[in-house]
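Trainee: I am new to this structure and would like to learn how to read a few of its features. Could we go through them one at a time?

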Amino acid sequence: MDLEGVIRTRPNKRDSWRTVLTLAYQSLGVVYGDLSTSPLYVYKSTFAEDIVHSETNEEIYGVLSFVFWTLTLIPLVKYVFIVLRADDNGEGGTFALYSLLSRHARVSSLPNCQLADEELSEYHKDGIVASSNNSYGSSLKSTLEKHKVLQKVLLVLALIGTCMVIGDGVLTPAISVFSAVSGLELSMSKEQHRYVEVPVACVILVFLFAIQHYGTHRVGFLFAPVVILWLLCISSIGLYNIFHWNPHVYQALSPYYMYKFLKKTQRGGWMSLGGILLCITGSEAMFADLGHFSQLSIQIAFTFVVYPSLILAYMGQAAYLSKHHVIETDYRIGFYESVPEKIRWPVLAIAILAAVVGSQAIITGTFSIIKQCSALGCFPRVKIIHTSSKIHGQIYIPEVNWTLMLLTLAVTIGFRDTKSMGNASGLAVITVMLVTTCLMSLVIVLCWHKNIFLAICFILFFGSIEALYFSASLIKFREGAWVPIALSLIFLMVMYVWHYGTFKKYEFDVQNKVSINWLLSLGPTLGIVRVRGIGLIHTELVSGIPAIFSHFVTNLPAFHQVVVFLCIKSVPVPHVKPDERFLVGRVGPREYRLYRCIARYGYRDVHKDDTEFEKDLICSIAEFIRSDKPECGVKLETLEDDEKLAVVGTSSSNLDGVRLSVDETDFSEVPSTSELKEIRLTTEKVRKRVRFVVPETPQIDRDAADELQELMEAREAGMAFILGHSYVKAKRGSSLIKRLVINFGYDFLRRNFRGPTYALSIPHASTLEVGMVYHV
């Protein structure tokens, strides 16, 4: 499956209105499923605090006023008009903000960053460069770069936001599906419906997680129509209730009613803010899913479709409740009570479908953010399956999927009521928003180079609103809010332990790498027999010779005639263009046949399978050999030990470069064959033929031709992947915490998660793993 050339759905700035409107239509199903189902449980969670409805309707109007202004200020003003502009080359989310900051202030969590990475076309967003006029921004940048503690705080802040998103991936399916099926309570007694709702909700949840491996694209075409039908349904019911029960409910939109509500209800009203908060659950998805759509399409969909529909839905429920102060039974204060009786069953069916769509969006979003964390070295390696060869970004992670399912079922069975689930979900949602507000204030200064006064105003205005909701959610710790905190702590420990162990392991590799002088002293044969074949030595180092190589040379009687030090690294950008994929250079003189190849991927890039990757790797080395002279104009980057690396693209992106043909490739179909020269090898014992097609211009010299010939011989003999199987231990004298983290935490994660062979799609038949003990 070759996903390198996948056409992403994100449009460019010149796209037609037809394309933008099409994307806006599609975003309704992917982005707004969670947000659009919030009317199912907001009022029920809000009035769970035993707030008494008075004849003046001050409580009802106060809650509606809070809902209206919360929806207006947070999703509409903050996200639609401000946060969406802080995209990382079109990508959004918590880690996108962190990636953006790490490039502008050089506070990246990745240990093997290079200056060459800053030359990537996507490294500087929209050509923005640092401004010397902003003295506050310059001092803030230098402070962040100077103090490692601040860099760790920034990383932990990003990880907390990420962990809360993962926690939301557990809680959102539970509360959405449970609230949707709660409509069954209207057809049975209170004692009966509790025994029906939980099993039905669990069956739907199991089905939802069981179909994840099929991929979103197989049922995704239904998402937008379902959400549109649901929005049309709740807005129509809202209009009916407004005109039928209370046409003057619009008066509650005045912020004065918020003051009257808090003044009258006091502590109970403040605690009820945790339920009102649920009206904005799912707002973060607008930013997180930005990479699949465009800023304009998401803005249009929310401003003209989602926002008006939600406001009408909440106004309609408030109009109904304002004329029904005494509900028949307390547990029937939810959404379905305000639905006309004749259409309750069709609305129930649509609500369940909408809840499934909303849950699907947050589940796939959880897969995506875990992939980003893994790519940036903050999560253990997991098996990532790409469910679509045409639609970018649709992935499935089996271990995460089943873990989410078990946790979601545990939450549903354990709580069995909307109140506790709402308390848990509300804290997760508002924490993510607070993290986004903090990171955005830094982006305003460091990336947008605006006055620091604007950043202070931003964090004070939106931060104070969110802090109010956060306090109302946090006080319900014992009533369900402990769940996202517990989940986040577990995931945060896993992420930080893995990041810390990985960083210490890289530091050990750097401190123990072999000097180039040692290599030169061995001579071209390296003091051993060089046999046919290519040896790929996987290393995290971007310069120098890894210690594992000296271990091979001193303990093995023979080694491959061509050796490649392969480093597959992530860079703090969402995507790396195919023509900038590889950095290729020599290690030592030409006759040693030692090469270094660094494959660079963005945190949202799709890794090719092993066959395509091998082909691109060999072609990149061949192209480097052909172009390894000054007159070819190849861009070089000089590293330590006098290594020079050339930027080489993949074979699909470099049509004028060296091309590889294996076995049955028919060169009669290659265009302009008169301008190509074939370097081929034929022997009696060759099992398969490998050929390089090399352009005649510029003319290659004899040494390069011999080197290409030897590379072909080695490729025909086969490739072996050599991996260092590291056992990381804390060195003597380390603190107790470090010994616990390294010897137990990191070692447990390393043993129970995927190894590099799975992460790199390496065939096991040609893999050699050698154990080494690292004392860090």
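Predicted model: local features only at pLDDT ≥ 70, side-chain atom pairs only at ≥ 80, totals over all residues.

Trainee: How do helix α5 and helix α7 run relative to each other, roughly parallel or roughly antiparallel?

Mentor: Angles over 145 degrees count as roughly antiparallel. Helix α5, residues 94-105, packs with helix α7, residues 148-181, at an angle of about 165°, and their axes are 9 Å apart. α5 is therefore roughly antiparallel to α7, and α5 passes α7 in a left-handed crossing.

Trainee: Which phi does His449 have, and where is His449 found?

Mentor: Most residues other than glycine have a negative phi. His449 is not a glycine, yet its phi is positive, at about 55°. His449 sits in the loop between α16 (418-446) and α17 (452-474), and with a relative accessible area of 22% it is partly exposed.

Trainee: What is the phi of Arg593, and is Arg593 buried or exposed?

Mentor: Arg593, although not a glycine, has a positive phi of about 55°. Arg593 lies in the loop between β5 (582-586) and β6 (594-602). Buried means under 20% relative accessible area, so Arg593, at 12%, is buried.

Trainee: Which residues form the nonpolar patch on the surface?

Mentor: The patch is formed by Trp17, Leu21 and Leu296, which together have about 330 Å² of accessible area. Trp17 belongs to helix α1, residues 17-30, and because its relative accessibility is 57%, Trp17 counts as exposed.

Technical notes
Residues numbered from 1 in each chain as written. Heavy atoms only, no water. Patch = residues over 30% accessible without salt bridge, like charges linked within 9 Å, V, L, I, M, F, W, Y side chains within 5 Å. Areas by Shrake-Rupley, 256 points an atom, 1.4 Å probe, with all protein chains shown as cover. Salt bridge = Lys/Arg side-chain N within 4 Å of Asp/Glu carboxyl O. Helix = DSSP H or I, 4+ residues; strand = E, 2+ residues; numbered from the N terminus. Buried < 20%, exposed > 50% of the residue type's maximum accessible area, 1.4 Å probe, protein only. Axes fitted to C-alpha atoms, helices over the stretch in contact; angles between N-to-C directions. Parallel < 35°, antiparallel > 145°, perpendicular 65-115°, else oblique. Left-handed = near helix turned anticlockwise from the far one by under 90°.
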